[in-house]
Amino acid sequence: MWFLLYPHPRREVTEALVRRAEEAGCSALVVTADSPVLGRRTRDLRNGFDDLPPGYAAENMRDLPGAAPGALTDIPMHPAASWRDVAETVGMTSLPVWVKGVLHPADARLAVEHGAAGLIVSNHGGRQCDAAAASVDCLPAVVDAVAGAVPVLLDGGVRRGDDVAVALALGAAAVGVGRPVLWGLAAEGEAGVRQVLRTLLDEYDHTLALCGGRRNADLSADMVVRGDAAW
């Protein structure tokens, strides 16, 4: 279990969240680096969805420093966040700190220099900026930039098992799966999530076999033909 950490403008709040993640048994922290401001999500604006419905709350934001007893702290974005914040977070904990939201190779190198234990190439599911590049298109340059110093994961656009195969072939150590899991949860609860994950694994195994492979390492970048190039 990893904890997704949005850096708070007040350092003491960030540190309190880190302590809570440690105490809850989380094995890693994931610093979200691509949310200096909220994305302009027109569907949410149109539907008036700008907060949790009445009766629901982000309970991990209750009883944090600076708030009244029992009160919730807002989750503000941190437009002034910098690489110094990443380094400070690394210094707060013995847990590995990953950086999520990396798309540019220069940022990948900076993340490693500031102590990141791993990177997650992600465009925030396309919800932060409509003009952001696809995660998979950015993956090879990020993998090359870190040159094996830390593992690189891919997040975003994974809908089928063959998407997993493409990501691993291009150098990802693993992938993140978001929306399909939520669709399974909405349809059939825990059983739906299990079915989604089983289906993804089955589709991946099938694609791996069709590529002539028996293990993840048998996939290679020359198996992926991009739209602007060919063998």
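Glu-190 is exposed in this predicted model, because its relative accessible area of 53% lies over the 50% cut-off. Glu-190 forms a salt bridge with Arg-194, and the closest N and O atoms of the pair are 2.9 Å apart. The two residues are separated by about one helical turn, because they stand four residues apart in helix α7 (residues 179-210), and Arg-194 is partly exposed, with a relative accessible area of 48%.

**Other salt bridges**
- A search of the whole structure finds 11 salt bridges, and one of them joins Arg-19 to Glu-15, with the closest N and O atoms 3.3 Å apart.
- Arg-19 and Glu-15 both lie in helix α1 (residues 11-23), four residues apart; Arg-19 is partly exposed at 26% relative accessible area, and Glu-15 is partly exposed at 27%.
- Asp-218, which is partly exposed at 28% relative accessibility, forms a salt bridge with Arg-215, the closest N and O atoms being 3.5 Å apart.
- Salt bridges that share partners join Arg-11, Glu-15, Arg-19, Glu-22 and Glu-88 into one network.

**Positive surface patch**
- Arg-43, Arg-46, Arg-127, Arg-159 and Arg-179 form a positive surface patch.
- Arg-127 is found in the loop between β4 (118-122) and α5 (135-146), where Arg-127 counts as partly exposed at 38% relative accessibility.

**Buried residues**
- In helix α3 (residues 83-92), the buried residues are Asp-85, Val-86, Thr-89 and Met-92; they lie on the same side of α3, because they cover an arc of only 120 degrees around the axis.
- Arg-84 and Gly-91 are exposed on the other side of α3.
- Met-61, in the loop between α2 (42-47) and α3, counts as buried at 4% relative accessibility.

How values were computed. Residues numbered from 1 in each chain as written. Predicted model: local features only at pLDDT ≥ 70, side-chain atom pairs only at ≥ 80, totals over all residues. Heavy atoms only, no water. Patch = residues over 30% accessible without salt bridge, like charges linked within 9 Å, V, L, I, M, F, W, Y side chains within 5 Å. Areas by Shrake-Rupley, 256 points an atom, 1.4 Å probe, with all protein chains shown as cover. Salt bridge = Lys/Arg side-chain N within 4 Å of Asp/Glu carboxyl O. Lys, Arg positive; Asp, Glu negative; His and termini not counted. Charge placed at Lys NZ, Arg CZ, Asp CG, Glu CD. Buried < 20%, exposed > 50% of the residue type's maximum accessible area, 1.4 Å probe, protein only. Arc of directions from axis to C-beta.
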